[in-house]
Amino acid sequence: IIQRTGWDGIQISNARGGNKVFNNTINDYGIRNNDGQEAGIIIGSNTNADIYNNKVTKGIGSGLQVFGYGVIKVYDNYFDSTGNDGTALGLQTIYANDYITVPEINEKQTMHVYNNFIKNPMKKGAIFITNYQSNSNASQVYDNKLCINNAPSNWLSAYLKLYVPGTFNNNNILSCD
């Protein structure tokens, strides 16, 4: 249980393959509102991990930020009211970016995001997967539930921003159950 942290709730960086972040409860994180130190969970560069069965609620920055490499699985997590600061970068619930950290040479990032429950995501997105440095393979985003009050008719494209070519996007639903 991690509660009322000034900076990130959990941060793992430069930890090579085989990492797992699971069964954590993170609440009220990033309260100092220091740019770059306000995520619930952050998987930094040169890191590969699976992130599952976590509960992340009420924080300043993104619920989860991923900058790692290789296949990264994000599943069975619960996110509620993450990204509460209107000035922070990356105010998505789940944010993945394919940073290249030299001199290491890593596999391209491939995100598998499934079976997550995302409640009250911020308007910049619930799931945002980028390809800024062309260091990503097509990702898979499926079977996620989003609970969005007064959801617009274009909620799927407004809240799932999947910018890696060929990304699989299927069976993500709007539900508060």
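Strand 8 (residues 64-66) and strand 11 (residues 94-96) pair in the parallel sense, over three bridges. Val-66 stands opposite Ala-96 of strand 11. This is a predicted model. One disulfide is counted, and the largest nonpolar core has 32 residues.

- Strands of a sheet pair through backbone hydrogen bonds, in either the parallel or the antiparallel sense.

- Strand 3 runs parallel to strand 6, and four bridges join them.
- Lys-20 has Asp-50 of strand 6 as its bridge partner.
- Strand 6 (residues 49-52) also pairs with strand 9 (residues 71-75), in the parallel sense and over three bridges.
- Here Asp-50 has Lys-73 of strand 9 as its bridge partner.
- Strand 9 goes on to pair with strand 12 (residues 110-114), again in the parallel sense. Five bridges link these two strands.
- Ile-72 stands opposite Met-111 in strand 12.

**Strand 3 and Asn-19**

- Asn-19 is in strand 3, which spans residues 19-22.
- The Asn-19 side chain reaches the backbone oxygen of Arg-16 at 2.5 Å.
- Leaving aside residues up to four places away in sequence, Asn-19 touches Thr-47, Asn-48, Ala-49 and Asp-50.

**The disulfide**

- Cys-147 and Cys-176 form the disulfide, with their sulfur atoms 2.0 Å apart.
- The angle about the S-S bond is 90°, and the link of Cys-147 and Cys-176 is right-handed.
- The pair links distant parts of the chain, 29 residues apart. Cys-147 is in strand 16 (residues 145-147), while Cys-176 is in the segment after strand 19 (173-174).
- Is Cys-147 buried or exposed? Cys-147 counts as buried because its relative accessibility is 4%, and the cut-off for buried is under 20%.
- Cys-176 is partly exposed, because its relative accessible area is 49%. The exposed class begins over 50%.

**Nonpolar cores**

- In soluble globular proteins, nonpolar side chains tend to be buried together.
- The largest nonpolar core here has 32 residues.
- Which residues have the most contacts inside this core? They are Ile-41, Ile-43, Ile-51, Leu-64, Ile-127 and Ile-129.
- Another core, of five residues, lies apart from the largest one. Its members include Ala-39, Ile-42, Phe-67 and Phe-128.
- Ile-51 touches residues that include Val-21, Ile-41, Ile-43, Leu-64 and Ile-72, not counting residues up to four places away in sequence.
- Also among the Ile-51 contacts are Lys-73, Val-74, Tyr-75 and Asn-77.

**Ile-2 in strand 1**

- Ile-2 is found in strand 1 (residues 2-3).
- Ile-2 counts as partly exposed because its relative accessibility is 21%, and buried means under 20%.
- The C-alpha atoms of Ile-2 and Asn-24 are separated by 7.6 Å. These two residues are 22 residues apart along the chain.
- Ile-2 touches Gly-9, Ile-10, Thr-25, Ile-26 and Asn-27, not counting residues up to four places away in sequence.

**Positive phi in loops**

- Most residues other than glycine have a negative phi.
- Lys-58 is not a glycine, yet its phi is positive, about 50°.
- Where does Lys-58 lie? Lys-58 lies in the loop between strand 7 (55-57) and strand 8.
- Lys-58 counts as partly exposed, because its relative accessibility is 47%.
- Asn-120, also a residue other than glycine, has a positive phi near 55°.
- Asn-120 is placed in the loop between strand 13 (117-119) and strand 14 (127-129).
- At 23% relative accessibility, Asn-120 counts as partly exposed.

Conventions:
Residues numbered from 1 in each chain as written. Predicted model: local features only at pLDDT ≥ 70, side-chain atom pairs only at ≥ 80, totals over all residues. Heavy atoms only, no water. Pairing = 2+ DSSP bridges. Disulfide = S-S within 2.5 Å. Buried < 20%, exposed > 50% of the residue type's maximum accessible area, 1.4 Å probe, protein only. Polar contact = N/O pair within 3.5 Å; in protein donor to acceptor, adjacent residues only side chain to side chain. Contact = heavy atoms within 4.5 Å. Core = buried A, V, L, I, M, F, W, Y, C linked by side-chain atoms within 4.5 Å.
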